[in-house]
Amino acid sequence: IRDRYGGRKTINCSLMFLRTFLISFLAATFIVNSLQTEKPTPEELQKAWLQALKTKAWRSTVEELKQKVAPFLTASSQSPPKQALDPTTEDHQENLQVTEEPTTQTPKVPVKLPPEIECASELLGDVYSGVINLGGYFSTQIILNDQKAMEYYLLASTPAAYRRIAFILLHPRDGGAPKSKIDVAKALVYYDFAARSGDVEAQIVLGYRYFYGHNLPKSCQLAVEYLDKAASKVVKTAKERNIKFMSDEVRLSEEQVNGRDRISEEQDIVQFYKYSADTGDVEAQVTMGLFYKQGGIDSPSDALKAFQYFSSAAAKGDSVAMANLGYMYAHGVGTESNNDTAINLLKQAADKGSSHAQTFLGELYLKGHGIKPNTLLAKKLFLKAAQQNYPEALFHLGNMYFEGTIIDKRDYAQALGYYQRAATLGHLGALYKMGQMNKLGLGTVSYCPNAFKLLKKVLERGYISHFTKEAYNYYRNGNEEMALIAYERASDMGLELAQSNVAWLYEEKKNYSLALGFYRDAAELESAEAHLKLGDFYYYGLGTTSNLEKAASYYLVSSELRNPQSTFNLGVMHQFGLGLPVDFHLAKRYYDMALEQSPDAYLPVTIALIGLSAHQLYENIPTQLWGYDWDTIAICVCVFLLIILGYVRQRFFVQR
């Protein structure tokens, strides 16, 4: 090789080859790594597929998923491997004592799949079981095929898939129509497997069934253990993501009577406040900011709009707006994070008496986030906010006494007092802490039923309410089948509202036998309306044989729960002797009680009392007329008429 001066230059060929090889290898490694980083993760794929299924092009997405899963589904059906994990085997039944004999048929479960195939097969199972709203809320598209859904779920072999198999076994459908073939025993085994793998919904279902003894032996301790595991995850998620759960208490039967849904009412209210806020009303601006921060029944949260409304109100010196704006700056919600601006706004709002600002500023001092830690100042701020009954401040004071932050010794009694005040105001974390203390006997006597009820409230507000909100959206948009599925999932977790709504939907479909079962579940949870409905079903013989005595017993329980209609019904039954002995005094008492329970019942109660008086007079005429019987009275009347006729004849006819 000649150099630039024309001379010769030798070079070691082996070194040159090695350098070229190393450069090529590094370049290839870089390209491979680049391609790998560009490949979406299974979670990202699942999210993208889920979004695609909620659009009008959902059919093409379903076909794409089928093509991905088809080779694995075929291989699984041909030769299931021996090492496959099957939740219906004896290994997974050792701690689950089912009160019915499990079925002998064992489903086949394939070997562990690639993550993206698991996601795809689970989504296909959701499509065929009606979990996914194909085309979105405003679409009524639904494909129900239990057999296909179970095939895909078994292929996925995830905890969520096993839990959904259990749901199908409890609520089988054939093209949308409920079927009578239910396999409770196998469903409970699948729920057990999913619960052990950490599935929250399965844990709640088993906890509810163990407490009330539904196809499982009654065990409060086991019920609390399951609910405790689920509640700890829900509270932790709410704290990490700062989720504010809103309870969605829409009772379909009441809405049908009132003729107006809550979403329409919310839209009217929002429209009014939006107009006032846009014209410069500070209070309306704060209200709109809170609405967009938390979201509504049918409206998602919008941090950017919330920030804009809070900014407008804070510029005019509103302390609530300044506190919320400080929070948004601290967490970078709706704007870029800015600690200095956040602390400045919070201090101004706290000086103006904002309980929200005092509490959040106390949290910053307690944890030392962006400011020097100061436990005493944090306590002082919490106490100021607690005087205004701010639940988060009460919760923090409870934590300080529970953990011994204020003094070296823990004070469980004081902590429980603060938790109770916060829980009364709906604080999720305080409810959970109270459940824990009732379970362990800290600051109070250990009482398992109380612990169960408190933990169940946590889950109802923090987890199950999501299903009722989703179900109501389906119902409002005309997709009753999807609404039923969502309500049934919530009802399996022991939510009375969902059980009553499912029963009402089946009642509207004239499927009285299924409605009767769900009303019984709701009645077990002390629902006055469910007891009234059960009384009606037994009175009229809907879904069962007519039984007036049983109807009266349900009306009596409902009346004790202050249901005016049931109280009125008892009055009618005592008046006419329908399943109860005739007793006019008790009938009047029940009519009067119905009016006390509901002043709106004035007109029907007044008419009933007039009717009762007439009925009583009619029944008592023989005894009121000198104590004679009807024969004597009839003879007297006839004699009197004969005398009158004789007189008339003598006076007008004989004299002529």
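Q: Which helices are included in what covers the buried residues of H6?
A: This is a predicted model, in which local features need pLDDT of at least 70 and side-chain atom pairs count only at pLDDT 80 or more, while totals for chains, interfaces and linings use all residues. Residues are numbered from 1 along each chain as its sequence is written, and side-chain values use heavy atoms, with hydrogens and water left out. Helices (DSSP runs of H or I, at least four residues, numbered from the N terminus, as are strands, E, at least two) are joined here by contact (heavy atoms within 4.5 Å), and buried means under 20% relative accessible area, with exposed over 50% and partly exposed in between (1.4 Å probe, protein chains only). What covers the buried residues of H6 includes H4 (115–129), H5 (146–156), H7 (184–196), H8 and H22 (480–492).

Q: How many of the residues of H6 are buried?
A: Helix H6 runs over residues 159–170, and its buried residues include Arg163, Arg164 and Phe167. H6 is mostly covered, the buried count among its 12 residues being 11.

Q: What is the geometry of the aromatic pair of tyrosine 212 and phenylalanine 452?
A: Rings of Phe, Tyr and Trp (its six-membered ring) pair if their centres lie within 6.5 Å, and planes under 30 degrees apart count as stacked, over 60 as edge-to-face and the rest as tilted. A search of the whole structure finds 25 such aromatic pairs. In this one the centres are 6.3 Å apart and the planes stand at 75°, so the pair is edge-to-face.

Q: How far apart in sequence are the parts that this pair of tyrosine 212 and phenylalanine 452 ties together?
A: Tyrosine 212 is buried, and so is phenylalanine 452. Because tyrosine 212 lies in helix H8 (residues 200–212) and phenylalanine 452 in helix H21 (residues 448–476), the parts tied together are apart in sequence by 240 residues.

Conventions: The expected span of a helix is 1.5 Å times one less than its number of residues.
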